Number of protein chains: 2
Amino acid sequence: MKQSALLSDFYALTMAQGYWLRDYRQEAVFEMFFRRQPFGGGFSVFAGLETLLEKIRATGFYPEDIAYLDNLGIFDKRFLDYLSAFKFTGKIWSMDEGTVIFPQEPIIRVQGTLIECQIIESLLLNTVNFQSLIATKAARVWLASGKGRVMEFGLRRAQGPDGALSASRAAFIGGAESTSNVLAGKTFGIPVMGTMAHSWVMSYPGEEEAFQAYADIYPNHPVFLIDTYDTLRSGIQNAAAVGRRLAAQGRTFGVRLDSGDIHYLSMEVRKFLDAQGLTDATITVSNDLDESIIQTLTNAGAPINTWGVGTQLVTGGSDAAFTGVYKLAAKQDAGGSFQPVMKFSDHPEKTTNPGIKQVWRLVDANGNAVADILSLDDPADPGDAVVPGNRYAFWHPSADYRHFYHDVTAAEPMLKLRMDRGELLCSETPLAEIQKKVKAGLEIFDSSYKRMLNPHIYKVSVTARLRDLKLDLIKNHLGDL
Amino acid sequence: MKQSALLSDFYALTMAQGYWLRDYRQEAVFEMFFRRQPFGGGFSVFAGLETLLEKIRATGFYPEDIAYLDNLGIFDKRFLDYLSAFKFTGKIWSMDEGTVIFPQEPIIRVQGTLIECQIIESLLLNTVNFQSLIATKAARVWLASGKGRVMEFGLRRAQGPDGALSASRAAFIGGAESTSNVLAGKTFGIPVMGTMAHSWVMSYPGEEEAFQAYADIYPNHPVFLIDTYDTLRSGIQNAAAVGRRLAAQGRTFGVRLDSGDIHYLSMEVRKFLDAQGLTDATITVSNDLDESIIQTLTNAGAPINTWGVGTQLVTGGSDAAFTGVYKLAAKQDAGGSFQPVMKFSDHPEKTTNPGIKQVWRLVDANGNAVADILSLDDPADPGDAVVPGNRYAFWHPSADYRHFYHDVTAAEPMLKLRMDRGELLCSETPLAEIQKKVKAGLEIFDSSYKRMLNPHIYKVSVTARLRDLKLDLIKNHLGDL
């Protein structure tokens with residue numbers, strides 16, 4: 001099915017018409033990178049790539065899209081004819097989906113005419129920003145839980161139906177083991193899970209009957225919600241009564257806490273269950289959990305088996321947006337060569353790194369990550385590649401005096417060609433593989449980078465050549481003013 | 001087109017099977033209300049109703065949905081046959097879309113079999129929570145701007161494609177005058193707007209050429225982005241050079257500030273433009289704005305004409321979810337009468353108000369809002385209606401001693417029947433009408449309720465009869481423990 005290219009900022013279309021009218025068909029290279037780690041964290045997880053590539057491949061304008069644009073009264077008929085047949089025909093390089101990523105490094109690189117690069121901009125940012133935000137949140141939640149069992153529960157508080165669906169995908173990539181969203185289960189093959197609502201309990205004359213009825217229909221480890229009336233004075237008693245009958249049949253069950261002090265209640269409930277010999281009974285908790293609360297509970301040794309995380313996981317909570325941007329890095333001159341460009345801005349941190357770039361992850365002899373390096377990746381001049389066996393000086397990207405030397409033992413380019421002439425070069429990776437990649441990818445970073453609060457800042461440096469290019473462009477720019 | 005009912009929490013389907021298997025066909029009444037004002041504010045704006053009703057009307061299971069559920073191995077074939085033909089056949093009452101709303105009061109009331117009430121729960125909460133969050137944010141932004149011109153710019157940072165599309169709709173309802181999202185423009189008839197990107201400026205040898213080229217194509221008040229190189233030393237100079245030529249042709253233009261200190265730059269830019277006689281030139285600002293920043297700038301008298309608000313507006317920023325919940329209020333007994341129910345919970349604020357309810361907005365003789373009242377709305381016993389001409393005592397909903405007396409001059413029931421037997425009773429309201437309703441609705445609340453920080457808490461009270469019912473149920477419940 002065609003993906004309507006109207007899912008775009010209006011200025012992409014007005015600028016595209018501008019390029020088209022002046023017959024500007026030169027190619028450009030845009031890079032997507034992000035500016036700051038969300039959640040005050042030390043890492044992010046790249047997600048949304050497969051969703052994005054599939055949509056870019058299918059992007060185009062429906063006849064009714066063209067009719068709508070025509071009605072706006074500012075588009076030339078010939079340009080609208082061009083849009084009617086529009087298809088993205090450029091190249092896309094990107095990191096693997098599931099890669100652990102850091103600010104300033106290009107995650108995705110797009111090469112095509114300025115028009116086509118611009119038309120896919122909003123789609124690219126919308127898709128990758130949101131899924132990366134949620135995959136990052138999920139990885140933090142998963143780490144905070146001690147790499148435990150996380151159920152994603154967010155549908156009812158998510159930002160719209162796709163805010164739920166894409167979030168379920170990204171949360172699974174980041175480490176959640178299941179979702180409550182049945183459509184996400186069907187669409188992405190994610191395991192679906194759920195317990196029961198208060199309304200189930202309230203539809204019966206009493207709690208015990210409600211739990212028993214549920215266990216009769218779903219005998220495979222039913223999870224009873226025990227806070228409808230009073231967790232300790234009624235809920236756990238009634239759950240245990242049903243649970244003892246299940247245990248007598250060799251079956252297990254669980255309980256879910258959804259209000260009150262989770263730490264205190266989980267300890268009391270565990271004691272009560274253990275005292276009755278129900279040591280296999282599991283405790284699931286929920287109620288506006290995030291990674292800080294989970295880590296506090298984990299550190300305190302609260303006896304919790306499964307974490308149901310909803311709102312905070314699917315919206316990002318306090319940080320509801322990923323800071324990804326898409327910036328022009330180079331443009332073709334009249335002779336067809338790519339010339340590096342950069343944006344200066346009145347905010348120093350909004351100044352970009354010029355030129356077509358590649359990214360390299362340096363690891364030490366034990367395979368632990370040391371730094372990521374940005375180099376120039378000019379196909380016409382591959383001299384800036386980071387080659388194992390060599391010793392290099394790598395520079396701080398803000399172009400000051402700071403640098404370090406490193407004997408490169410292993411390095412491979414992280415940006416790989418995924419799409420050429422608008423066609424996908426790779427087949428879809430199963431979601432479970434991407435999740436594995438995230439978990440393995442996090443292993444090579446020492447724990448200081450994964451600390452929840454004030455983490456160690458991982459180094460993202462530039463080669464001498466990229467640094468010199470940047471300094472030259474800044475010098476020329478200052479000379480102009 | 002059918003709306004897949006799989007966009008649901010899994011437990012809705014497992015519980016539905018439970019009700020179905022035990023032949024539980026009694027009706028239930030659920031009410032949607034919210035718990036806490038977002039953004040630390042004093043009011044919210046109800047949005048999403050028309051989207052929701054349209055989807056509920058169309059909700060059902062596709063054959064492939066049924067096949068997916070069958071594959072999970074826990075659903076009875078007869079129940080799946082029932083789902084295949086599922087259609088919502090109940091009744092829905094709700095407030096008007098665009099109503100100013102407060103915590104604890106029912107916004108939407110659903111009556112139907114427990115099964116159908118449960119199957120639409122996630123869809124209802126997902127739709128109304130998100131759109132109400134964003135409409136509320138937009139109303140705050142609009143008020144902070146001094147009821148000024150707000151452009152919604154959020155697509156690239158929104159939570160997925162629908163996180164953008166629904167947000168554009170809700171932002172318009174809450175007071176934004178346009179969107180950058182072309183698909184939202186086409187889908188909802190919202191005016192689309194945009195300026196230009198840095199890449200436009202960078203695709204030309206110089207800023208002046210870039211601005212002139214844009215003005216040549218779009219002569220109707222073009223807006224030039226002036227911070228690509230240096231706002232004051234180059235951007236404004238080049239914009240003014242082009243602007244003087246436009247002025248000579250009797251045309252106007254604007255400039256956009258997207259970085260640096262907006263307050264300082266807007267004053268400098270205004271001075272520069274005025275000194276050149278370009279007093280008609282407008283100043284648009286953007287760069288991670290929210291209502292606090294906007295209010296600070298407005299209070300400081302910064303000469304800003306238009307506000308471009310993106311990320312914070314379409315995601316809610318620090319508050320990324322609306323706290324709407326959907327709770328069982330009454331259930332039919334074997335004789336067909338509705339019996340009030342309530343949830344107690346270990347958190348007092350999670351205790352619900354029992355019974356089928358109606359909401360009344362009391363106004364004083366000048367038409368200013370005094371309080372909202374919850375009453376019992378039993379069709380079999382309409383004796384709890386709030387009737388003009390009478391004097392009543394209204395009680396604090398936490399069932400303590402606080403109350404006030406009021407001579408009711410005008411009151412009409414806010415919950416109106418919108419859907420019966422699954423069919424819509426009303427035709428679609430134009431979005432601009434809903435926006436007008438919000439603006440008029442806000443007028444009747446004095447400014448203390450609309451303060452951004454620590455606002456006055458608007459009264460939501462209950463009738464004596466509802467208070468007595470609640471106290472009785474609590475007494476019975478405590479007696480049981």
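This is a predicted model: local features need pLDDT of at least 70, side-chain atom pairs count only at pLDDT 80 or more; totals for chains, interfaces and linings use all residues.
**The interface**
- On the chain B side, helix 1 (residues 10-21) gives the largest share of what touches chain A, with nine residues.
- Sorted by type, that side of chain B has 48 nonpolar, 35 polar and 20 charged residues.
- Contact involves 103 residues of chain B and 103 residues of chain A.
- About 8400 Å² is buried between the two chains, and carbon and sulfur atoms give 57% of that.
- Within chain B, the residues losing the most area to chain A are B:Arg156, B:Gln159 and B:Met202, which together make up 10% of what that side buries.
- Six salt bridges run between the chains; one of them pairs A:Arg156 with B:Glu121, with the closest N and O atoms 3.0 Å apart.

**Helix 13 of chain A (residues 291-299)**
- A:Glu291, A:Ile294 and A:Leu297 are buried here.
- Those three sit on the same side of helix 13 because they cover an arc of only 130° around the axis.
- Over on the other side, A:Thr296 and A:Asn299 are exposed.
- The buried residues of helix 13 pack against helix 6 (121-144), helix 12 (262-275) and strand 13 (306-309), which also belong to chain A.

**Ends of helix 13**
- A:Asp290 caps the N-terminal end, placing a side-chain oxygen 3.1 Å from the backbone nitrogen of A:Ser292.
- After the helix comes A:Gly301, with a positive phi near 75°.

How values were computed: Residues are numbered from 1 along each chain as its sequence is written. Chains are lettered from A and ligands numbered from 1 in the order in which they are written. Side-chain values use heavy atoms; hydrogens and water are left out. Contact means heavy atoms within 4.5 Å. Buried area is the accessible area (1.4 Å probe) that two parts lose on being put together, summed over both. A salt bridge is a side-chain nitrogen of Lys or Arg within 4 Å of a carboxyl oxygen of Asp or Glu. Helices (H or I, at least four residues) and strands (E, at least two) are DSSP runs, numbered from the N terminus. Ala, Val, Leu, Ile, Met, Phe, Trp, Tyr, Cys and Pro count as nonpolar, Asp, Glu, Lys and Arg as charged, and the others, Gly among them, as polar. Buried means under 20% relative accessible area, exposed over 50%, partly exposed in between (1.4 Å probe, protein chains only). The arc is that of the directions from the helix axis to the C-beta atoms. A polar contact is a pair of N or O atoms within 3.5 Å; within protein, one must be able to donate a hydrogen and the other to accept it, and residues adjacent in sequence count only if both atoms are side-chain atoms.
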